[in-house]
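Thanks for coming. I will go through one model this morning, starting with a pocket and ending with the rings.

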Amino acid sequence: MKRAVMIVALLVVSATAAQAQWYIEGSASGKYEKSSSNYVVKNQWIGVYPAVGYRFNDRFDTGITLGYFYRNNKSQGSTYREETAEEWSVSPYVRYSFIRLGKFSVAGLLSARYVQGETKDEYYMEDSYLYTETDYTIWGARLTPQLLFKASKHLDFLASLNFASLNYSVFDEKDTGRQTSYEFGVNSSNVFNTGNFQVGFIYKF
């Protein structure tokens, strides 16, 4: 009996190993908008997120993502204000595809996140000038639905539906202290922001 159990376990491990493979992944998001009335307002941001991971089978994989995010907001009229934010992040994750329809699949990505960021704020009004710099850290977890399309044996395309994500984050900044938040979707007014959609690819070796 023990020998039979060991043989079955060995067959399961062998079958999993046969499907396992390393992969690289890259995704990005961005936005640019400009409006003019009494003030000229420009908002732009971009995020890039390379990753490396290990695929155990067609449904389950794990990996780690490094991220860079940049945001710049300008408003100019009788006053001038410019806000910028830069973030570097690291996010280990696991992903499971729970629905498969032909070449399409729906997956859930559970990630832990650590973010180190800085904001700069410049403000001009007549003879007044104000400039501030703020360093902050963010850590937390996020559950994000993803859509994947299998283009070939080695290449998949993906879209992260950040607007439908579940988020837990702790924002830690020297002046304001620590703030904890639970959110559904991504708060566009928060610097912890990767946009409503994030598109990318997975290349399997």
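The lining of the second largest pocket divides into ten charged residues, five polar and four nonpolar. In that count Ala, Val, Leu, Ile, Met, Phe, Trp, Tyr, Cys and Pro are nonpolar, Asp, Glu, Lys and Arg are charged, and the others, Gly among them, are polar. The volume of this pocket is about 310 Å³. Of its 19 lining residues, Arg55, Asp58, Lys150, Asp156 and Lys204 are the closest to the centre. Strands β4, β5 (104-125), β6 (128-150) and β10 (197-204) are the elements that give two or more residues to the lining.

A word on how the pocket was found. On a 1 Å grid over the protein atoms alone, a pocket is an open set of points with protein on both sides within 12 Å along at least five of seven lines, the probe being 1.4 Å, and a lining residue has an atom within 4 Å of a point. Grid points are joined across faces, edges and corners, and the volume is the space filled by probe spheres set on the points.

Now the provenance. This is a predicted model, in which local features need pLDDT of at least 70 and side-chain atom pairs count only at pLDDT 80 or more, while totals for chains, interfaces and linings use all residues. Residues are numbered from 1 along each chain as its sequence is written, and side-chain values use heavy atoms, with hydrogens and water left out.

The overall layout is next. The protein has one helix and ten strands, and from the N terminus the order is α-β-β-β-β-β-β-β-β-β-β. These are DSSP runs numbered from the N terminus, with helices being H or I of at least four residues and strands E of at least two. Of the 205 residues, 35% are buried. Buried means under 20% relative accessible area, exposed means over 50%, and partly exposed is in between, using a 1.4 Å probe and protein chains only. For contacts between residues at least 6 apart in sequence, 58% join residues at least 24 apart; a contact means heavy atoms within 4.5 Å.

On to the salt bridges. How many salt bridges does the structure hold? There are nine, each being a side-chain nitrogen of Lys or Arg within 4 Å of a carboxyl oxygen of Asp or Glu.

Asp58 sits in the loop between β2 (40-55) and β3 (60-76) and Arg100 in strand β4, so the pair ties together parts 42 residues apart in sequence. Asp58 is partly exposed at 36% relative accessibility, and Arg100 is partly exposed at 42%.

Are Arg95 and Asp61 buried or exposed? Arg95 is buried at 2% relative accessibility, and Asp61 is buried at 3%. Their side chains meet in a salt bridge of 3.1 Å, N to O. This pair links distant parts of the chain, Arg95 in strand β4 and Asp61 in strand β3, 34 residues apart. Salt bridges link Glu25, Asp61 and Arg95 in a network.

Lys31 and Glu33 make another salt bridge, at 3.7 Å, N to O. Lys31 is partly exposed at 44%, and Glu33 is partly exposed at 35%.

Back in strand β4 (residues 79-101) we also find Ser97. Ser97 is buried, with 7% relative accessible area. Not counting residues up to four places away in sequence, Ser97 touches Asp58, Arg59, Ser105, Val106 and Ala107.

Last, the aromatic rings. A pair of rings is described by the distance of the centres and the angle of the planes. Rings of Phe, Tyr and Trp (its six-membered ring) pair if their centres lie within 6.5 Å, and planes under 30 degrees apart count as stacked, over 60 as edge-to-face and the rest as tilted. By this rule there are twelve aromatic pairs. In one of them, Tyr54 and Phe56 have ring centres 5.1 Å apart and planes at 80 degrees, so the pair is edge-to-face. Tyr54 is partly exposed at 26%, and Phe56 is partly exposed at 29%. Tyr136 and Phe171 form a stacked pair, 5.2 Å centre to centre with 25 degrees between the planes. Tyr136 is in strand β6 and Phe171 in strand β8 (residues 166-173), 35 residues apart, so this pair links distant parts of the chain. Tyr136 is buried at 2%. Finally, ring pairs link Trp22, Tyr54, Phe56 and Phe60 into a cluster.
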